[in-house]
Structures are given as structure tokens and as C-alpha cells.
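Please report on this model. Cover its fold, its core, its aromatic side chains and its surface.

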Amino acid sequence: MVGDGVNDAPALSEADVGIAVSEGAAIAREIADVTITGDSLYAVLILRRLSRKLMERIRFNYRFIIGFNAALIALSVAGVLTPSASALLHNGSTVATGLRSMRDLLPESRSADPQAAWKNTLPAEGKKEQPAEVAVYTG
């Protein structure tokens, strides 16, 4: 639910995700889960794309860690790996996954215009994704 006024506050509080516009009523900003800066609703589209990419990253990390640790356990039970080697590989994979997760979900943008930023998030045919920018307060 996206809202900016007093009449939107009940719906914002009941929604799975309540999004308020920063120039809206104070009660709407207080109740909402996310407050977008500026007056453009293109930031909502960027937030949706950001949330999808974050969920993809979480799912990948979960599958990788479960698979890698299962392989380490199997190799250790089979006697191929010593306990110390298994522990070292486990800790190394945890650090590597954490470092990989620190990458940006959306490339940086040089544009202050949210509409231009949204257009830049759409991949061009046969090209890598373009930069995007969104400023968000979460509460």
C-alpha cells in the first residue's frame, strides 16, 4: 500500500508493506514500513526491483551454504577431509558468502531524477543493467 495522508494510515498499518511519501502526513510516515524521499512514485518501482534482487540473493546464499556444508559433512564422514580442514573450509565459505553478499543490488546512478533512475534500471537489449538510485528511510 502506498499512501501519503491521514486517511491512508489504517491501510498502511494493515498492509504487508506500507509505503509513505515523505511529503505526506506525519502519521502516514510514522505508520508506514518504508518512507520514500521525494515526490515521485518511480521509487516504488525501484524498491520492488530491489526487493526481488535481495530475495534472489538470500535464496542463492541459502542454497549454497546448505549444499556446501552437506558436501563437507559427506566428505568428512567418508574420511576424505580432516575435522580441521572441514572447519577451515566451512569458515572460509561463510566469509566468502558474506563478502559476496556485500555487493550492491542495484548499480549506482549519477542522476537525481527518480524517473530517469527507473529508466536506467531497465536492461537494454543485449546489454548489462544500467544504474539506478533511490533514497529510502525504513522505520
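Ser76 is partly exposed because its relative accessible area is 27%. The cut-offs are under 20% for buried and over 50% for exposed, with partly exposed in between (1.4 Å probe, protein chains only). The model is predicted: local features need pLDDT of at least 70, side-chain atom pairs count only at pLDDT 80 or more, and totals for chains, interfaces and linings use all residues. Residues are numbered from 1 along each chain as its sequence is written, and side-chain values use heavy atoms, with hydrogens and water left out.

Ser76 sits in helix H3. Leaving aside residues up to four places away in sequence, Ser76 touches Leu81 and Ser86. A contact means heavy atoms within 4.5 Å. Ser76 and Ser86 are ten residues apart along the chain, and 6.9 Å separates their C-alpha atoms.

## Overall fold

The protein has five helices and four strands. Both are DSSP runs numbered from the N terminus: helices are H or I with at least four residues, strands are E with at least two. Along the sequence the pattern reads β-α-β-α-β-α-α-α-β. The protein has 139 residues, and 26% of them count as buried. Take the contacts between residues at least 6 apart in sequence: 40% of these join residues at least 24 apart. Accessible areas come from the Shrake-Rupley method with a 1.4 Å probe; for residues, only the protein chains shown count as cover.

## Nonpolar core

Which residues make up the largest nonpolar core? Six do: Ile19, Val21, Val34, Ile36, Ala43 and Leu47. Strand S2 (19–21), strand S3 (34–36) and H3 each give two or more residues to this core. Such a core is a set of buried Ala, Val, Leu, Ile, Met, Phe, Trp, Tyr and Cys residues joined through side-chain atoms within 4.5 Å. In soluble globular proteins, nonpolar side chains tend to be buried together.

Rings of Phe, Tyr and Trp (its six-membered ring) pair if their centres lie within 6.5 Å; planes under 30 degrees apart count as stacked, over 60 as edge-to-face and the rest as tilted. By this rule there are two aromatic pairs.

| Pair | Centre to centre | Angle between planes | Class |
|---|---|---|---|
| Phe60 and Phe64 | 6.4 Å | 10° | stacked |
| Phe64 and Phe68 | 5.6 Å | 25° | stacked |

Phe60, Phe64 and Phe68 form one aromatic cluster. Phe60 and Phe64 both lie in helix H3, four residues apart, or about one turn of the helix. The spacing of Phe64 and Phe68, also both in H3, is four residues, again about one turn. Phe60 counts as partly exposed because its relative accessibility is 34%. Phe64, at 33%, is partly exposed. Phe68 is partly exposed, with 27%.

## Surface patch

Leu54, Met55 and Ile58 form a nonpolar patch on the surface. Together they have about 250 Å² of accessible area. Like charges are joined within 9 Å, nonpolar side chains (Val, Leu, Ile, Met, Phe, Trp, Tyr) within 5 Å. Ile58 lies in helix H3 (residues 42–77). Ile58 counts as partly exposed because its relative accessibility is 43%.

Key:
Patch = residues over 30% accessible without salt bridge, like charges linked within 9 Å, V, L, I, M, F, W, Y side chains within 5 Å. Salt bridge = Lys/Arg side-chain N within 4 Å of Asp/Glu carboxyl O.
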